[in-house]
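Here is a short briefing on the structure shown below. The points are grouped by topic.

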Amino acid sequence: MEFSELIRTRQAQAELLSGPEAPALRGTLCVTGHHLLLSPKPQATDLWLLLLRSVDSIEKRVAGDSGTITLRCKDLRVLQLRIEGVEATLDVARSIEGLRLGDAWHFHPLESYYKRVALETDAWRLSEVNEDFSLCPSYPRVVIVPRAVDDAALARSARFRQGGRFPVLSYHHARSGTALLRSSQPLIGPKKLRCAEDEELLGAVLAGARPGAQGFIVDTRSAQTAKQARMTGGGTESKAAYPGWKRLHRPLERGRHLQESFVRLVEACGDLEQSMDQWLSRLDSCRWLAHVQEALSTACLAAQGMEREGACVLVHGAEGMDSTLLVTSLAQLILDPLSRTMAGFQELVEREWIQAGHPFQLRCAHSAFSHARSKHEAPTFLLFLDCVWQLGRQFPLSLEFGEGLLLALFEHAYASPFGTFLCNSEKERCLCEVRTQTHSLWSGLNQSKEQRKLRNPLYVLNPSALWPSVEPQSLRLWQGLFLRQTRPPERSEEVWEKVWQIVTDEKTEDSRPVVSAPEPQP
Amino acid sequence: MDHITVTKVENVTLLDHFAGKTLSNGILYLTATHLIYVEASDAARQETWIAVHHIATVEKLPLTSEGCPLIVRCKNFLVAHFILDSDTICQEVYISLLKLSQTVLFEDLYAFFYNPKSTKEMRENGWKLIDPISDFGRMGIPNRYWTITDANRNYEICSTYPPEIVVPKSVTLGTLVGSSKFRSKERLPVLCYLYKENNASICRCSQPLCGFYTRCEDDERLLEAIGQTNPGSQFMYIIDTRPRLNALANRIAGKGYENEDYYANTRFRFMGIENIHVMRSSLQKLVEVCESKTPTVTEFLSGLDSSGWLTHIKAIMDVGTFIAKAVKVEKASVLVHCSDGWDRTAQVCSLASILLDPFYRTFNGLMILIEKEWISMGHKFSQRCGHLHGDSKEVSPVFTQFLDCIWQLMEQFPCAFEFNEIFLLEIHDHVFSCQFGNFLGNCQKDREDMRVYEKTHCVWPFLAQKKPDFKNPLYKGLNMYEVLDPSTLPCNIQFWCGMYNRFDKALHPQQSMIESLLEIEKQKMLQKLKALDEPPEELFTSCHFGDLLSQHPESPLTNPLDFMGDLHALSREGGLQAQKDQAKCQCGDCPYERFEIIGSFRAISISENVGFSGDPGISEAMGASEAIGISKASSEEASCSQQQ
């Protein structure tokens, strides 16, 4: 991340008050990547210097044509800066705000999520069984598992699951006392193998949930595909082996077919010559909207299972790295108000996609225009973003972020100067030293000058679940993304900007008084 | 009314197939003007009001284990699926509704007995609110090229045109009459819109009666004169909005289209908008798709495709855009016609006007445009909307398509319109409701013959009064956009769920950005007013501010208010809000119990107090001992309650 991007203004005229007794220091204030400087005279040697990282909190106030910034430092000092010019004050404040946070690589979504879970229930623990990625190469170092299950059992269960992806907690729904888990398919195989520890693990999930809770296993493959997977060593949980768990099949498109759907949709959107018939039949036959519908309704099913039936839900397909994540992350967005905030959503993406081992590198190697055919590409993450966009369209006041953030995530997932979406798993990111060698997208976004494009000015916390309508009439093509070529983005940006103006009551050149049409003469 | 043989049916279920739940039992009331369903549950009482003029079809299905299904389909796309207990009663309700909805005599239309208790003067002033002729003044007419003539004052030249028409100054009355004789239904070329900046104009007419060889000197002279009003251009377009094949077929019948060789300096173009019959069946198919229960994405999209509806919308948008570009970019005048020049011509001329002139994107502008290009120029509202029981082949959603096109523009230019979607829906409601005189009859002469201006009320003051609900908070003002250049690529033309699935609440976004912004603006305005220490009633007359509204002295009728209930749902529903006094009877006994006693009545009205006091006037009129809920003596909407 370039620090210079965060600096909105380099210089301002300011007066520093270090305390009630200390004399005021007047001069030119400079903002650099790491420091705040105040020099009384142009050639002065006695510079006042503050390391930006030491700022703990910042408060700004403007009055008339000057402003005051109060900096409370980590060393308990309180400093006041009086700055000439309102604009300058705001710019300096924003620059400090951006710079003091520095890098977001320090953020540990799993640990912080566990802290939240621990407040709600003690049925879960944070396990470091995968510390060296030996158990599951695509899981992060720490995972949240039932307290009743020890690491040895986890290791056994991991051996019984494809790619070692044993069932782990994805989301704890406090209100119903139920849990959402995800894993990969069990390695039942043609010989109908069983694994006591794996069965124990799922049993412990039910035991730790609200009394009498049953479980649903949402398999994202059709019953037939799941059965066929046995021939290649996979399969799906049998009812006899997992008492209390009921299996539901909700086939979701994945892999090559999903990629083809994406390619065909983009092709159709770029065709300027077609008739309405052709367009509608291509929109239909590419099946993208059908995929959106299936993803949303499967997520609703999982969420309903928890909220309305009071059941625990385990989601998996085959590898558990694509449609599984799509369902668990959407279900959380539906149920969890915190995941709909700016920070919460970023945490969700980090926890449920990046840390959960969605292979971004493989899936997003090519987008819709490439002729290179590799079987690993699939726009699963894009499908997730589209579903979130549909949610946002149906609940325009309930997401703290706007279309701008979703577009940014889409762009960065496919190509990014930041390291966040690099590699396929946490293990690879460690090997490549992504954290030390690159900058985090999250800090980049949070300090972006274009906050307005990312944030939803109309957001109000909505404590209830968001149940979207998945009827075809309610689903729309995400024009802001798919019609980029043919529709200038300015118009939706204009709307967004106008909404901001109304909400913040700004007077800019754009918002000059509306000239009304002449009243008709009676 | 004698049509109603049963006035109240208990134990009726209303199904909502999208919400996925069955509503609890309720009571169905039949009145002379409305069919009302009241959910019986104690909590939030759901009411469904259906204006009898909105009823398109009533269908009685065979008896099932659940009861007798009765399906009422409405012109505003409400589909109510009732289940009644008794087959006999169901049959009675069915017959009553059939009779009620198929009005035979125009005197029986609601507008002729709708009485909002306003004075004669208020009613007359209401009719003066929108003056279509004043719009020509705005265009600078009369000027050196154009003149407003009352040559048609007794409807002698053309019976479906208004008395005053705008024609080139240079032509004589003889030429006009001569030209009219050469045009279908005497609808000669007249001015519709003048683009002041470059003198290019849009004129409209019907097809020429030329057959294969016939010519008319007067008609050619008139077109030449129109061409000369735009000296900056070497040519003028003649747009035939029909597909070539249709126009050719008309030639055989002695009608047809202009021969470029006979009309100097013209460029002739066919467009390809289908006729009213194609549009009618297209809408029918669309409605079937919208009604289908939980279709898959594929079923929906292929149904949408085969209905052809969006293809037709695109065709209209394409022609509108073509005309606007011809005027703006090519600086050429355009003469538009179809067959009779009152359907497709009205659509594309008014659409092009909206594209060219920001004024038509304001409240007043749209009202004037509808009054001018549709009402006074003789769009056959009565037949197209099926106001009276008659020829179903004349019914066609021409005006609905026009509103759809405006909505498409609003989707593409969210900051360019002063009004929001609800305004369009409300206009759509009243086109069919027959509550106001504006849309009655097929032309100006009809309305005069029906004495609409003396006997009925004008819709525009009623709508103007509810303006706060119809505002688009994103509107950036008159000067922000000039000419709109919409994309008519298929992917930019959308299905209007808010219209065709309007009453399937479960399909709509569950929160509205527009409503939320309007609320924010309202709060801000209230704060400002508080600061100024002024009473706020002048500014807010929306249903959210019910009590303020009734203090509004000029309002010809007061909007009945839902002050306790779900306001959002109400405004979305639009619909004859005047009648939808969603009374919550928490503070009084239920007025509906009294319907029985009263028998039939025209409309109920419930004031904000929801107290029910006797109203002597009404009681006397009915000879009943009890009156239905009227209270606070404000300019409340009257309940027109004489018994038939």
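A salt bridge is a side-chain nitrogen of Lys or Arg within 4 Å of a carboxyl oxygen of Asp or Glu. By that rule, two salt bridges cross the interface of chain B and chain A. This is a predicted model: local features need pLDDT of at least 70, side-chain atom pairs count only at pLDDT 80 or more, and totals for chains, interfaces and linings use all residues. Residues are numbered from 1 along each chain as its sequence is written, chains are lettered from A and ligands numbered from 1 in the order in which they are written, and side-chain values use heavy atoms, with hydrogens and water left out.

**Interface of chain B and chain A**

- In chain B, 60 residues are in contact with 55 residues of chain A. Contact means heavy atoms within 4.5 Å.
- About 5000 Å² is buried between the two chains, and carbon and sulfur atoms give 60% of that area. Buried area is the accessible area (1.4 Å probe) that two parts lose on being put together, summed over both.
- B:Glu411 forms a salt bridge with A:Arg476, with the closest N and O atoms 2.9 Å apart.
- Between chain B and chain A, 18 residue pairs are in polar contact, both residues being at pLDDT 80 or more. A polar contact is a pair of N or O atoms within 3.5 Å; within protein, one must be able to donate a hydrogen and the other to accept it, and residues adjacent in sequence count only if both atoms are side-chain atoms.
- Helices H7 (276–291), H8 (297–307), H9 (309–328), H13 (398–412) and H20 (513–532) of chain B each supply at least two residues of the side that touches chain A. H8(B) gives the most, with seven residues.
- Helices (H or I, at least four residues) and strands (E, at least two) are DSSP runs, numbered from the N terminus.

**Annotated binding site**

- An unreviewed UniProt entry lists a "binding site" of B:Asn275, B:Ile276, B:Cys338, B:Ser339, B:Asp340, B:Gly341, B:Trp342, B:Asp343 and B:Arg344. These residues spread over 70 residues of sequence but cluster in space, with a largest C-alpha distance of 12.1 Å.
- UniProt positions are given in the numbering used here, feature names are shortened, and annotations may be inferred rather than shown by experiment.
- B:Ser339 sits in the loop between strand S15 (333–337) and helix H10 (344–356) of chain B. B:Trp342 is in the loop between S15 and H10 of chain B.
- B:Ser339 counts as buried at 18% relative accessibility. B:Trp342 is buried, at 5%. Buried means under 20% relative accessible area, exposed over 50%, partly exposed in between (1.4 Å probe, protein chains only).
- Not counting residues up to four places away in sequence, B:Ser339 touches B:Ser184, B:Ser206, B:Gln207, B:Arg242, B:Asn250 and B:Arg344.
- With that exclusion, the contacts of B:Trp342 include B:Lys185, B:Arg187, B:Arg204, B:His379 and B:Arg384.

- H13(B) has 15 residues and reaches 22 Å from first to last C-alpha, close to the expected 21 Å. The expected span of a helix is 1.5 Å times one less than its number of residues.
- Since 14 of its 15 residues are buried, H13(B) is largely enclosed by the rest of the structure.
- In H14(B), 13 of the 13 residues are buried, so this helix is largely enclosed by the rest of the structure.
- B:Asn420 caps the N-terminal end of H14(B), with a side-chain oxygen 2.9 Å from the backbone nitrogen of B:Ile422.
- Just after H14(B), B:Cys434 takes a positive phi of about 60°.
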